[in-house]
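Have the structure open as you read.

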Amino acid sequence: MRALASPRLLWDWGTAYDLFVSLEVLHQPAVFGVRGAWTAGVRARLPAGQREMLEQGQQLTGMPLHWIHSLPEPKDSLTALWSLGQVPAAERLPLLAICPETTRDTADLLRGVAAREAWGAVEREALREAFEVGESQPPSGEELETILGWWARAEEFGERYLDALRTYQQVFFAEEERRIAPALQEALARAQALAEQWELRELLEELSQGVRLTQLPEEAELVLAPSFWCTPLVVFGKADKDRALWLFGARPPDASLVPGEMVPEAMLRSLKALSDPTPLRILNYLSQEPHAPAKLARRLRLRAPTVTHHLKVLRLAGLVQLTVGQEKEERRYAARSDAIASTFASLERFLELGGGRHPENGNAHDSN
């Protein structure tokens with residue numbers, strides 16, 4: 001990151017982003033504040049073998065933002081599946097998994113395993129060390145062996161993973177992308193309108209629902225794209241070495257990720273967070289002044305992991321602002337008074353309507 005010049009702002013959109021973000025959410029529902037029982041039900045629609053293939057595929061490819069950004073129009077799920085099908089099976093894993101953030105040493109290691117179709121203790125240890133440098137929670141030993149095992153069988157992975165993606169698109173995502181496409185277009189139009197009025201830091205804080213940067217991305221260009229499924233979080237990545245890419249939340253506050261859900265999801269997350277006395281105590285401190293997690297832990301006489309957990313809950317609810325610097329230690333949290341007021345305004349509207357309006361039948365706009 002740098003403080004001197006703002007990157008040039010670019011825009012992108014397409015349901016192909018949510019094709020892969022949805023898989024991340026379905027396999028890590030707690031990270032995104034989604035009910036695990038519902039995500040398990042969605043995964044259960046797939047045959048067992050393909051369900052396992054997609055789960056392991058998430059360990060290997062994650063969200064391949066760099067590849068999705070390179071797709072041609074209309075950048076939907078069928079475009080993604082067609083484009084991946086044009087690539088030889090053995091090249092699909094490197095195409096998706098090796099991204100601009102991957103170090104040269106790690107890329108060489110993985111490509112070497114694919115070329116030899118074998119791996120050993122040396123490769124396992126080198127990959128473990130690479131993950132420890134780049135990840136806050138590196139894979140387990142079993143997960144490392146799964147990753148290396150598939151790199152040694154890259155052609156088989158490419159065949160089976162594409163087959164599983166096609167099934168997932170047919171049994172679930174094809175219908176889902178028809179539902180979310182209007183919200184993506186509306187969120188993109190709203191963000192572009194705000195960009196004409198606001199400074200870039202202010203725009204990013206609004207679109208990310210509370211992430212304030214002390215320094216802007218160092219890349220020459222910044223691509224912003226809406227995602228229904230990542231809401232309320234923001235997903236950071238790179239399209240290439242000179243182009244950063246952010247996915248920002250596009251799900252309206254009175255809508256739900258779960259189709260047919262009558263209770264507005266954003267309101268429910270906020271009320272759940274406020275129903276616990278510990279987040280309330282934290283929010284009380286943060287309403288007075290910004291705090292770092294370590295300082296909060298000392299003031300509340302709580303363990304640091306406990307405070308971090310509750311801060312994540314408040315962040316998912318959109319009730320706190322997170323200021324991010326170059327180092328993790330520079331993170332500071334503050335209360336978002338407008339978001340807190342919006343929670344109770346949403347509750348009042350919901351009660352006035354008798355809870356009877358379907359959340360996806362009205363015009364929804366983020367008022368934060």
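Let's start in helix α9 (residues 121-134), where R128 and E132 both lie, four residues apart, about one turn of the helix; helices are DSSP runs of H or I with at least four residues, and strands are runs of E with at least two, numbered from the N terminus. This is a predicted model, in which local features need pLDDT of at least 70 and side-chain atom pairs count only at pLDDT 80 or more, while totals for chains, interfaces and linings use all residues. Residues are numbered from 1 along each chain as its sequence is written, and side-chain values use heavy atoms, leaving out hydrogens and water.

**Salt bridges**
- The structure holds 19 salt bridges (a side-chain nitrogen of Lys or Arg within 4 Å of a carboxyl oxygen of Asp or Glu).
- R128 and E132 form one of them, at 2.5 Å from N to O.
- R128 is partly exposed at 26% relative accessibility, and E132 is partly exposed at 45% (buried is under 20%, exposed over 50%, partly exposed in between, with a 1.4 Å probe and protein chains only).
- R8 and E221 also meet in a salt bridge, at 2.3 Å from N to O.
- That pair links distant parts of the chain, with R8 in strand β1 (residues 8-11) and E221 in strand β3 (residues 221-227), 213 residues apart.
- E221 counts as buried, at 15% relative accessibility.
- R8, E221 and R243 are linked in a network of salt bridges.

**Cysteines**
- The count of disulfides is zero (a disulfide needs two cysteine sulfur atoms within 2.5 Å).
- The sulfur of C99 is 17 Å from its closest cysteine sulfur, in C230, so the two are too far apart for a bond.
- C230 is buried at 0% relative accessible area, whereas C99 is partly exposed at 24%.
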